[in-house]
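Welcome! Please take a moment to look over the sequence and the 3D structure, and then walk through the notes that follow.

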Amino acid sequence: MAQDPTPFRIARKGQRYVCPDGRDLLELAEAEGFSVSGVAEAMGLTNRQLEYAVERTCGLRPKELFRRHRMVLAKRFVAEGFSLQVIAQRLGFKHYTHFASEVKSYFDLPPRQFQKSVRAFCPET
């Protein structure tokens, strides 16, 4: 029987993923620019150890978990009235076109349509 490659465990508490040291995994991902290697390094893990821990907790690879979180934040920022350019910057995209591609891929809508759709459901207060 293969031995678990890492004793590192991430706990799920509601919508949060909590590391053994108490840090929120997704907040750490934000701070590290959603970089899997950046998060692993900040935690003193290899990329593979982080991958095992995240997969064990939520069934996703870290890259996909971070991608989903990034798009949830994009939706929130659109609802809060931020421009698409500002959102792309806040989410660490080096180029707006990368952000636009990610939005199109994830939501199946071009960024402007995505923005209109979100704002129709979340009118500014």
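In helix α2, the residues G38, V39, A40 and M43 are buried, where buried means under 20% relative accessible area, exposed means over 50%, and partly exposed lies in between, with a 1.4 Å probe and protein chains only. These buried residues pack against α1 (25–31), α3 (47–58) and α4; contact here means heavy atoms within 4.5 Å. Helices (H or I, at least four residues) and strands (E, at least two) are DSSP runs, numbered from the N terminus.

This is a predicted model, in which local features need pLDDT of at least 70 and side-chain atom pairs count only at pLDDT 80 or more, while totals for chains, interfaces and linings use all residues. Residues are numbered from 1 along each chain as its sequence is written, and side-chain values use heavy atoms, with hydrogens and water left out.

- S37 counts as partly exposed because its relative accessibility is 39%.
- Between S37 and L50 there are 8.9 Å in space, C-alpha to C-alpha, and the two are 13 residues apart in sequence.
- Just after α2, G44 takes a positive phi of about 75°.

**The chain as a whole**

- The chain has 7 helices and 2 strands, and their order along the sequence is β-β-α-α-α-α-α-α-α.
- A box of roughly 50 × 30 × 25 Å, taken along the principal axes, is filled by the C-alpha atoms of the chain.
- The chain has 125 residues, and 35% of them count as buried.
- Among contacts between residues at least 6 apart in sequence, 47% join residues at least 24 apart.

**How α4 meets α6**

- α4 and α6 pack at an angle of about 100°, and their axes are 11 Å apart; axes are lines fitted to C-alpha atoms, for helices over the stretch in contact, and angles run from 0 to 180 degrees between N-to-C directions.
- That angle makes α4 roughly perpendicular to α6, since angles under 35 degrees count as roughly parallel, over 145 as roughly antiparallel, 65 to 115 as roughly perpendicular and the rest as oblique.
- On the α4 side the contact is made by R67, R68, M71 and A74, and on the α6 side by F99, E102, V103, S105, Y106 and F107.
- These contact residues divide into 6 nonpolar, 1 polar and 3 charged; Ala, Val, Leu, Ile, Met, Phe, Trp, Tyr, Cys and Pro count as nonpolar, Asp, Glu, Lys and Arg as charged, and the others, Gly among them, as polar.

**The largest pocket**

- The largest pocket has a volume of about 250 Å³. On a 1 Å grid over the protein atoms alone, a pocket is an open set of points where a 1.4 Å probe fits, with protein on both sides within 12 Å along at least five of seven lines, and lining residues have an atom within 4 Å of a point. Grid points are joined across faces, edges and corners, and a volume is the space filled by probe spheres set on the points.
- Its lining residues are R12, Q15, R16, Y17, D24, L26, L60, L65, R68, H69, V72 and R76.
- Two or more of the lining residues come from each of β2 (16–18) and α4 (62–79), and α4 gives the most, with 5 residues.
- By class, this lining has 5 nonpolar, 2 polar and 5 charged residues.

**The second largest pocket**

- The second largest pocket has a volume of about 160 Å³, and F34, K63, F66, R67, R70, F93, H98 and E102 line it.
- α4 and α6 (96–107) are the elements that give two or more residues to this lining, and the largest share, 4 residues, comes from α4.
- This lining divides into 3 nonpolar, 1 polar and 4 charged residues.

- Most residues other than glycine have a negative phi.
- F34, in the loop between α1 and α2, has a positive phi near 60°.
- F34 counts as buried because its relative accessibility is 12%.
- D108, in the loop between α6 and α7 (111–121), has a positive phi of about 60° although it is not a glycine.
- D108 counts as exposed because its relative accessibility is 59%.

**A residue of α7**

- F121 is found in helix α7, and at 71% relative accessibility F121 counts as exposed.
- F121 and A79 are 42 residues apart in sequence and 8.4 Å apart in space, C-alpha to C-alpha.
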